[in-house]
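Here is a note for a colleague opening this model for the first time. Please keep the structure in view while reading the points below.

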Amino acid sequence: MKEYNKVYLNDLDMELKSPLFERFETTYHIYREAAAGANGGKTGGGCGCN
Amino acid sequence: MEVKPEEVVGVIKSIFFYIFLSIGLLGYAQNDSIFTYKKKVLEAIEVDLLIGYYEQEGVHASVTGGIGNEDLQNTAPTVVIRIPLNVDDVLTVDAGLSAYTSASSSNGNPFNQTGASESGYDEDNSGRVPAGGSPWIASSGASRKDILTSINLSYVHASEDRNQYWSANIGGSFEYDYESFGFGGGFTQLWNEKNTEFSLKTQVYLDQWKPIIPTEIHEFEIYGNGFLVDDRSYFYNVSVTDSEGNGVVSYLPSNFTSIDDVNRNSYSVSLEFSQILSKRLQFSFFADYVIQKGWLANPLQRVYFADRPNFYIGNFRSISNYEKPSNKDIFHLADDIERLPRTRIKFPFGMRLNYYLNEFIVLRSYYRKYSDDWGINSNTVQFELPIKFSLKLKLTPSFRYYDQTATDYFASYNQHLSTQDFYTSDYDLSAFSSRQIGGSLVYTDVFSKYKLGKISLKMISLRYQNYQRSDGLSAFSVSTGFSFVID
């Protein structure tokens, strides 16, 4: 795909990662659920104890 | 010789053509910068301010062995600043606070509410003071609230052709009973006209507990087998009863051994591959491999054994009511703290697939499969549907489904056996599914209408999510974010 054909792909919503503003939700998922990782968030660190 | 006007014009045109061509070539020779102009990786300083509020209710408090008030409120302000150091390099500073109050954590010492030995009174002239506490009531103990402070610095360098990126990061977080120090690095390669991308990242966290353990076990650890009758103990002169309401001094959390390793280290490798499939479709595949070592249990969380007699502090008439929220005045003394293996290997992998339906709607999808060597397997599915009402306004409804199996070491309140090596009654490690429904409203200041000096507003975001877990835990979060550009 040439650069000039990437108009749609360059849309912010097409980014292949979580928006920064989702990070708060990712944090409580890490606390409340056993699974973590493979989402660009933390894979370890912190006690996750509250 | 006759010269035709058309020939004169043609010659003049040719002369001008060669003059302009020469000037152009001369300019190229003298200053080739206009042909080698590089777009900055980041044009200007960007600042994101985020603040989130989270609240939950539940009935499976892990600090009180899997039953009890799980109410929790959390407020977390964060600032993220991205600074272009030059055309190729960007430094990001990410700092935040996370302040919480937790009913579950407050019951590390559940006896504060009534004062236990410190403010009791001698009601029955036995020398023993009635005291109480309940897993259903938040205590006024110090562990009811805490503030986590975190800071992370990351640096990214891009190659001349923007086909390679190198990154490094370092950071730490601090709270009352826990410290975390982390660092890592990564490399990204793009090729195939930037249609294909591969990333490799590694991350290390070196964490340390400053363990807080439940009060009755803490006193046992300090004063030994006689801690109930030792006048230096918190429990001196406090009435402990068995299941029949008889006053006893035979309670001993004898399975308890002191925490001998306060470290918890995590090492991870992350791979990501992404590919553009068409003008409207792209996907990425990613996988992490994580090894954790050290004290992986939470020292504050109680466990109760089915094969040991039960001991209480408080009104013994309420024992039959112990597992109900109406219990306000009796507390079951712990048999031990949570114990889990010293290593854990996690293997999550997943993919994202984004499709540009039209200029108004994008479909974003995410799936993750997770497994670890503690017996937990889980699936996560998420869909988001950003809908643009105009250039400035966007609404994004979202839905997330999650399920997990229980760890091999989980059992509910008072169901573990004292002969087990590992045990937990933390419902975050139990089998459940959850559903999260919500969305966000984003306003984008396309033409930087709102400016204050050199600071221009870029975006405002407002998010709401409702989270329901099949074990009864219910939560919601509200967050807002402001993005600015500093020229």
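**Notes on the model**

1. Start with B:Glu43. B:Glu43 counts as exposed, because it has 11 C-beta neighbours inside 10 Å. B:Glu43 sits in the loop between α1 (5-30) and β1 of chain B.

2. A word on reading the model. This is a predicted model, in which local features need pLDDT of at least 70, side-chain atom pairs count only at pLDDT 80 or more, and totals for chains, interfaces and linings use all residues. Residues are numbered from 1 along each chain as its sequence is written, while chains are lettered from A and ligands numbered from 1 in the order in which they are written. Helices (H or I, at least four residues) and strands (E, at least two) are DSSP runs, numbered from the N terminus.

3. Confidence comes next. pLDDT is the predictor's confidence in each residue, from 0 to 100. Chain B has a mean pLDDT of 89, and 88% of its residues reach 70 or more. For the complex, the predictor gives an ipTM of 0.92 and a pTM of 0.87.

4. Two stretches need care. Residues 23-33 of chain B stay under 50 in pLDDT, and the model has 1 contact for them beyond four places in sequence. A contact means C-beta atoms, placed from the backbone, within 7 Å. Residues 114-129 of chain B also stay under 50, but here the model has 32 contacts beyond four places in sequence. Where pLDDT is low, the predicted coordinates should not be read in detail.

5. How many residues of chain B touch chain A? The contact involves 61 residues of chain B and 28 residues of chain A. On the chain B side, 22 of the touching residues are nonpolar, 27 polar and 12 charged. Here Ala, Val, Leu, Ile, Met, Phe, Trp, Tyr, Cys and Pro count as nonpolar, Asp, Glu, Lys and Arg as charged, and the others, Gly among them, as polar. Chain A itself has 1 helix and 0 strands. Of its 50 residues, 56% are buried.

6. Strands pair if DSSP finds at least two bridges between them. B:Tyr54 has B:Asn74 of β2(B) as its bridge partner. β2(B) also pairs with strand β3 (residues 89-102) of chain B, antiparallel and over 11 bridges. B:Pro84 is bridged to B:Val90 in β3(B). β2(B) and β3(B) make a hairpin, with 4 residues between them.

7. Look at the loop between β6 (178-191) and β7 (196-209) of chain B, where B:Glu193 lies. B:Glu193 is not a glycine, yet its phi is positive, about 55 degrees. With 13 other C-beta atoms within 10 Å, B:Glu193 is partly exposed. B:Lys194 is in the loop between β6 and β7 too. B:Lys194 has a positive phi of about 60 degrees, again without being a glycine. B:Lys194 is partly exposed, with 15 other C-beta atoms within 10 Å.

8. A further sheet of chain B is open and has 3 strands in the order β8-β12-β13, with antiparallel pairing. β8 (240-241) and β13 stand at the edges with a single partner strand each, so one side of each has no neighbour in the sheet. β8(B) and β12(B) are joined by 2 bridges. One links B:Val240 to B:Ile313.

9. Which residues touch the most other members of the largest nonpolar core? They are B:Ile217, B:Val240, B:Tyr312, B:Ile313 and B:Leu333, in a core of 50 residues. Such a core is a set of buried Ala, Val, Leu, Ile, Met, Phe, Trp, Tyr and Cys residues joined through C-beta atoms within 7 Å. α3 (215-223), β12 (312-314) and β13 (330-332) of chain B each supply at least two residues of this core. B:Leu333 touches, among others, B:Val240, B:Tyr251 and B:Phe311.

10. Finish at α3(B). Its buried residues are B:Thr215, B:Glu216, B:Ile217, B:Glu219 and B:Phe220. The buried residues of α3(B) pack against β14 (336-337) of chain B. B:Gly224 follows α3(B), with a positive phi near 75 degrees.

Terms used: Contact = placed C-beta atoms within 7 Å. Buried ≥ 20, exposed ≤ 12 C-beta atoms within 10 Å, placed from the backbone.
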